[in-house]
Amino acid sequence: MSNEIFSGLRNERLYEKIVVQIRQLIEDGKLKPGDRLPGERELAQTLGCSRTSLREACRVLESEGLIISKPGGGRFIQHVDQNMMPGYRFNPIDMLEKTAIIYFLEARETLEPKIAELASQRATVENIEKLEQILLKMEDQLKYPDEKVQADSSFHLALAEATQNFVFVSMMETNLNMIRQIRKQTLNSKERYPQSLAEHRAILEAIKHRKTSEAVEATYIHLQHLRDNILKNYPEQEEN
């Protein structure tokens, strides 16, 4: 495959630009089912982006079923029926304008406290160190809204990894695109982001000290504050 089909990118929300570009290449037939994407280092250099941005984009594309990662084998384009794509590929922004947002929040409120419970029991030293590094990054990037969203998403994914249950990891990866869209609307608030950061810190401290009930409670509090903040921006919506 020729690298000439890819275009260099500018630095605003790079992972989203990568997603858009690869989607378009698939729709134009320049990337076909079964095609293997160039290696991560090579493709990041071609696109002019970081490998972190490329990984974020690949998670989105995997959640949409457009690409698949094979351990040790790279990333491949999956077969997608082009006639089904308009209905298949929902717009997260449209979703956020509908009452479906309530159902998404309910799902998170069911799933993530259990993730915190298991993480408090199973997290390894490496898991905790990774979560610490993500929180440090969040603290360092207060001035960069797009980066805050990525770091926040990374925390929730790393928390799922700490359960040692690949199903939870897969479920969180599938929902990352929607979570990012929600975060963009809530974490840009000067008041909300420091509060959210403190809530993440409380979750991690409970996990570090193996305090399961506190980890669960801290997660509930975080998600309830998230719900309150989101619904404040959608006064026309009512809960069932």
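Select Leu14, Tyr15, Ile18, Val19, Ile22 and Arg23 in α1, which meet Ser53, Leu54, Glu56, Ala57, Val60 and Leu61 in α3; contact means heavy atoms within 4.5 Å. This is a predicted model, in which local features need pLDDT of at least 70, side-chain atom pairs count only at pLDDT 80 or more, and totals for chains, interfaces and linings use all residues. Residues are numbered from 1 along each chain as its sequence is written, and side-chain values use heavy atoms, with hydrogens and water left out.

By class, the contact of α1 with α3 comprises nine nonpolar, one polar and two charged residues (Ala, Val, Leu, Ile, Met, Phe, Trp, Tyr, Cys and Pro count as nonpolar; Asp, Glu, Lys and Arg as charged; the others, Gly among them, as polar).

Then move to helix α10 (residues 192-208) and helix α11 (residues 212-232), which pack at an angle of about 165 degrees with their axes 8 Å apart. That angle makes α10 roughly antiparallel to α11 (over 145 degrees counts as roughly antiparallel, under 35 as roughly parallel, 65 to 115 as roughly perpendicular and the rest as oblique).

Finally, select the residues of this contact: Arg192, Gln195, Ser196, Glu199, His200, Ala202, Ile203, Ala206 and Ile207 of α10, with Glu214, Ala215, Ala218, Thr219, His222, His225, Leu226 and Asn229 of α11. Colouring the contact of α10 with α11 by class shows seven nonpolar, seven polar and three charged residues.

Definitions and conventions. Axes are lines fitted to C-alpha atoms, for helices over the stretch in contact, and angles run from 0 to 180 degrees between N-to-C directions. Helices (H or I, at least four residues) and strands (E, at least two) are DSSP runs, numbered from the N terminus.
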